[in-house]
Amino acid sequence: MLYAILCYHDEDVVESWTKEEDDAVLAKRHKVQQALVDEGRMGPSIRLVPTTAATTIRASGNEQIVIDGPFAETKEQLLGFYIVDCRNLEEVIDFAKRMKEGESCTFEIRPIRIFNTGELPEKVEVAG
Amino acid sequence: MNDVAWIEKALTAARPQAMAALLRYFRDLDRAEEAFQEACLRAMKTWPEKGPPRDPAAWLIFVGRNAALDAVRREARNTQLPSDDVLSDLDDAEAGMAERLDDAHYRDDILRLMFICCHPDLPATQQIALALRIVSGLSVREIASAFLANEKAVEQRITRAKRRVADASIPYATPSPAERAERLGAVAAMIYLVFNEGYSASGGEAHIKTQLCDEAIRLARLLLRLFPTEPEIMGLLALMLLNHARTPARLDDDGQIVLLEDQDRSLWNSNFIAEGIALVDKAMRHREPGPYQIQAAIAALHAHAKTAAETDWREIELLYRMLERLQPSPVVTLNRAVAVFKAQGAAPALELVEPLEERLSNYFYFHGLRGALLQELGRDKDARISFDKAISLARTPAEASHIRQHIDRLAGDGAKRQEAG
């Protein structure tokens, strides 16, 4: 069963981490992921650029309008997500709990209905 | 990250909102600061046990306000202290509090707070010091070390700024849309001042002060979250992110300046670049170009180039032309001259540079660029004079030693030419 693990946190807090703090969090999560990676059950990990860079397309009557940012003032923002292959909810909960250890983020687990691997470059080219 | 580290980050993140609201209640910077400090102390005690509240800013405002009201009553020796249970059941109170603190309030509060710090009567150094103290919550010691001033001087600077703010009548009413636009501009400029102080220190040993750059970026993100449709705020944030992305490559191991064209681009922060480019793209859709957006677009062109040789100098030159029209200044023309130099050669660039001499005679970069152009044209003696002038105007050891390298190269080239001749 494929699951998406969505990571929510206060963007203000996460964006104020130093590079060392950020690296430490990622390194800790990587360790937990390793077992699934070894078994070929760890899908893509995606980190999103902060919501200030977001654009929203909404219907307005018969028109589509393009607006800046998500306007909803929520305390937590979607920061990124993981795709994993787990046997059942128990396993994915256990996995997410171990990734979350020591962190104040929130993980939301959502089973995936349709999945296409698609094609993307191995590494994201931002300066190219 | 452990609890305490997270709480500290959360307190820092909530600070502008909480301070801004407390200032609205008490209309006194010192009182608001004390209230916020007290609320933070209580948060450090309560949050590890009960877990963080749903809305840290609302919690801090509520607790801070009550604590300060207590203090006011105590000072007035007015009747007895309110009982503890006023504060004990925060969970319920917090939800109601959060609802009442709607976004519109937050926006105006924070804008007012920042605007007070960049009050036009205050000199730039006081604006920065006050903003770092009040909005960012840096300690006097941290600010002193950032400015390489002693703590006493910084303390005085802040006290003086506060007195000036108290004397000037700052309107507490909600700003009109026109006033808001004006304030937003002033606040953006203040944030950019903080960034520039960190990006290119005005003096002292350290050429880059990362902490100030990080803080300016944090404040700009906050502002953009509050005003998500302002293209110039997008531009400001993008500009700072794209510039700051280069920080790891700007100095070598010996602390010497590495020019943009010589920097190891693999050291650039790719997260900042991705965010910066995304923001520039977004801002451009608004078709309301402004100085920050154009400067950010120039920085984005540098970021797009995989090597220095791939830089699109023609496009950069066009953007500087646009910037010159919007914001004419000899420094902008000087920067355009660099682009002209890269795209068309030293001779037309020198033509642009020469008329600026009168106005930029005390500007380090003017003499540095003029020297480099003269050197390129083989006028070594004139180049040497310009480089000497530049050294005498250098503000940090890194700047001085950078020019010295030019002079060494000049000497080397001269020797080579003599050998060849």
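Residues are numbered from 1 along each chain as its sequence is written, and chains are lettered from A and ligands numbered from 1 in the order in which they are written. In this predicted model, local features need pLDDT of at least 70, side-chain atom pairs count only at pLDDT 80 or more, and totals for chains, interfaces and linings use all residues, while side-chain values use heavy atoms, with hydrogens and water left out.

Across all chains, 32 salt bridges (a side-chain nitrogen of Lys or Arg within 4 Å of a carboxyl oxygen of Asp or Glu) were found in the whole structure. In chain B, one such contact joins B:Lys162 to B:Glu33, with an N to O distance of 3.0 Å. B:Lys162 belongs to helix 9 (residues 151-167) and B:Glu33 to helix 2 (residues 29-50), so the pair ties together parts that are 129 residues apart in sequence. Helices are DSSP runs of H or I of at least four residues, numbered from the N terminus. Both B:Lys162 and B:Glu33 are buried (under 20% relative accessible area; exposed is over 50% and partly exposed in between, with a 1.4 Å probe and protein chains only). These two residues are also linked with B:Arg15, B:Asp30 and B:Arg133 in a network of salt bridges.

A further salt bridge connects B:Glu354 and B:Arg370 (3.0 Å, N to O). B:Glu354 lies in the loop between helix 18 (346-353) and helix 19 (357-360), and B:Arg370 in helix 20 (residues 364-376), so this pair ties together parts that are 16 residues apart in sequence. B:Glu354 is partly exposed at 27% relative accessible area, whereas B:Arg370, at 16%, is buried.

In chain A, A:Glu91 and A:Arg87 form a salt bridge of 3.1 Å, N to O; A:Arg87 is exposed, its relative accessible area being 61%.

Key
Helices (H or I, at least four residues) and strands (E, at least two) are DSSP runs, numbered from the N terminus.
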